[in-house]
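I opened a notebook for a structure that is new to me.

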Amino acid sequence: MKKFRYTIIRITFLFSLFLVGCEDYLDQSPDATVNEEDVYKNFKNFQGFVEGIQTMTASPYLTGQVALPNLADEGYILSSSWISILKQFDAGNYWAWQSAAGTPFGRFLNINTDPDAKTDKGAWPAAWYGIYNANLGLSKLEDGLIGATDAEKDVIKGQLLFLRGYFHFNLMQYWGGMPYIDKPLSSSDLDYFPRLSAQETAIRAAQDLGEAAALLPVDWDDEPYGALTQGNNQQRITKFAALAMQGKSLLFAGSPLLNKEASGNASFNTDFCKESAQVFKSLIDLCQSTGRFKLQDWNSYNDIFTSIGTNKINGGTEAIFMSSIYKIMVVRSYFFYLFRPAGNPYGGESHLSLNYEYSKNFGMKNGLPITESDSGYDPSDPWSNRDERFNKFVLVDGQKITETQPANAVDQYAQFYNGGAHRDKSNLTNWTGIDIHKFWTEKCNYKDTPNIDYTFIFSPPIVRLTDVYLMYAEALLWGYGTPQSTIPGDSKPMSAVEAVNLIRNRATVPDMDARFTADRDKFFEQLVVERAVELFMEGQRWTDLRRWLRNDDSRYLKKTAVDFDRGPDGKPINIRERLLSTRNVSDRHNWLPLPVNSSTIYPEFGQNSGW
């Protein structure tokens, strides 16, 4: 974001009491290198202040560990010298969110408030920091922005409301219901805010996000206030981002987890799902009418997430809301989920292998799940004729992994068979017989790209259009009752089936078979699978399973390997599955435990159940 920041303001703002658990912080004065009044005096300076807050929306992937935001059943990791948050979560130790390496939530509750810092912006401390400062900015609107136009005042207010709603949502999706802070706190405000239910928190966030959507522009490049940074406004907060987060917050409010807590009913809340579907549809219509966002072409799919050797921002054609900063990653730190035997051109500290059980979510080329008798799935040749997303996202034995032959010739093609060069050798090799190919190409190595340590950019969107279509389908299904339902009165009706098929067809996968589209429950089971496949390794699965009350479902607990030998024709033979571990999950794991210094700050705040 530095490349288009209006003003770099070096200022240390107050922290919320919920971040530090100590009233003393509320009495500190900001240590600023600029006069505080100058921060809010005009649009240019105020916008710089807003962008400083926006850097707190940093992607969880900026921990430097690409695999670790994926905390459910996607992968299996063998512990190395550092403590893996995924290994700890699999063991049921959710307290590790505060200490384990690679945690996206806030290691040791530290936070780096430098707007240009690319790490140490964990979800817990960053959210409270962002909420305080969003409220501070909103409190300065009336007396600040001297000489600003109405449009400039609207866009400042819209961004601040978005950020306040976004940060409350982020807290809610991991830790449950929170106090909804709508003013800057000081020690005189310690009358204590009530801790709302998760559903109430989601509703309040949706209200802020909806108000923000009404104030924010479709495209900053089309506005006079965006002229100064013309062509460099891709990461700014827009109406699209506000609608996406509003719809998502309402979908969470209607989810079984939040609905059960609020009402005792462990099913979807129809009313909130209807509201969510309506917001998502207005966003989809806006995308189509403006052409601003569209599904990424399958041939350039990786443009959503990565770039090599360019200074361009990732996101492709469908990144609706992105981290405001991006990072050139060092391959040996970032591609740790790839194998690294001696002589391999990749680097890393440890390796995340694809859970073989999870790989069964990927269906067949004809669009059918592998469990269907007529799918064509052959257990003796399990990787042939699979869904094109399997071919793009999954790495199998014998597949090419470097474009140019490296010094160690065996490292040009994956060897995952028993005794293979890349199998069961160390923390840095594959342990499941199948692996991850999403986000990287055959040029992601030192041989093909010698300076890749300084040219690889990885920044998955926080919300992308694919996710919007899938969330719309889910909200529509549970709000209006059937896979074929549409929103009454919609001038451009789109059913849940049609939305899902758009995503499948983009990947050259046929429409969902009619055997799954005539029944609500059968369709939803396939929608769960679609999200598992399409959003694979994007940090969505763990949150999805929790909001659906499926985190402890036996279908999602096993982590397995496939053992096999390589036959004379290169095909696997002597195939057998093996259980590696079972995730330790119970009801208390629906929410992360709160930091002790926050849960004890006053009696009404309290700790999450079971912790």
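**Entry 1: a strand pair**

I began with Asp563, which stands opposite Arg576 in strand 13. The model is a predicted one: local features need pLDDT of at least 70, side-chain atom pairs count only at pLDDT 80 or more, and totals for chains, interfaces and linings use all residues. Residues are numbered from 1 along each chain as its sequence is written, and side-chain values use heavy atoms, with hydrogens and water left out.

I then looked up the two strands. Strand 12 (residues 558-566) and strand 13 (residues 572-582) pair in the antiparallel sense over eight bridges. Two strands pair if DSSP finds at least two bridges between them. The two form a hairpin with five residues between them. In the turn, Gly570 has a positive phi of about 90 degrees.

**Entry 2: the whole protein**

I counted elements next. The protein has 18 helices and 13 strands. These are DSSP runs numbered from the N terminus: helices are H or I with at least four residues, strands are E with at least two.

Of the 611 residues, 62% are buried. Buried means under 20% relative accessible area, exposed over 50%, and partly exposed in between, with a 1.4 Å probe and protein chains only. I also checked contacts, meaning heavy atoms within 4.5 Å. Among contacts with a separation of 6 or more, 69% join residues 24 or more positions apart.

**Entry 3: the cores**

Which residues have the most contacts inside the largest nonpolar core? They are Phe105, Phe162 and Trp175, in a core of 127 residues. Such a core is a set of buried Ala, Val, Leu, Ile, Met, Phe, Trp, Tyr and Cys residues joined through side-chain atoms within 4.5 Å. Helix 6 (residues 150-175) gives the largest share of this core, 13 residues.

Leaving aside neighbours within four places in sequence, Trp175 touches residues including Trp97, Phe105, Trp124, Arg195, Trp591 and Asn608. A second, separate core has 37 residues, among them Tyr358, Phe390, Phe393 and Val509.

**Entry 4: helix 9**

Helix 9 covers residues 256-263, and Pro256, Leu257, Leu258 and Asn259 in it are buried. What covers its buried residues includes helix 6, helix 7 (198-215), helix 8 (239-253) and helix 17. Gly264 follows helix 9 and has a positive phi, near 85 degrees.

**Entry 5: single residues**

Most residues other than glycine have a negative phi. I looked up two with a positive one.

Leu109 has a positive phi of about 60 degrees although it is not a glycine. Leu109 lies in the loop between helix 4 (85-90) and helix 5 (123-140). Is Leu109 buried or exposed? Leu109 counts as buried because its relative accessibility is 18%.

Asn385 also has a positive phi, near 60 degrees. Asn385 sits in the loop between helix 12 and helix 13 (388-393). Asn385 counts as exposed because its relative accessibility is 53%.

Lys44 lies in helix 3 (residues 43-54). Lys44 has a relative accessible area of 44%, so it is partly exposed. Lys44 and Ala148 are 104 residues apart in sequence, yet 9.4 Å apart in space, C-alpha to C-alpha.

I ended with pockets and cavities. On a 1 Å grid over the protein atoms alone, a cavity is a set of points where a 1.4 Å probe fits but cannot get out. A pocket is an open set with protein on both sides within 12 Å along at least five of seven lines, and lining residues have an atom within 4 Å of a point. Grid points are joined across faces, edges and corners, and a volume is the space filled by probe spheres set on the points.

The second largest pocket has a volume of about 590 Å³. Its lining has 30 residues, and Lys360, Asn361, Pro369, Thr371 and Val529 lie nearest its centre. Helix 12 (356-359) and helix 16 (520-534) each give two or more residues to this lining. The largest share, six residues, comes from helix 16.

How many cavities of 30 Å³ or more does the whole structure have? The search finds six. The second largest cavity holds about 60 Å³ of space. It is lined by 15 residues; Tyr358, Arg531, Ala532, Gln540 and Arg541 are the closest to its centre. Helix 16 gives the most to this cavity's lining as well, with three residues.
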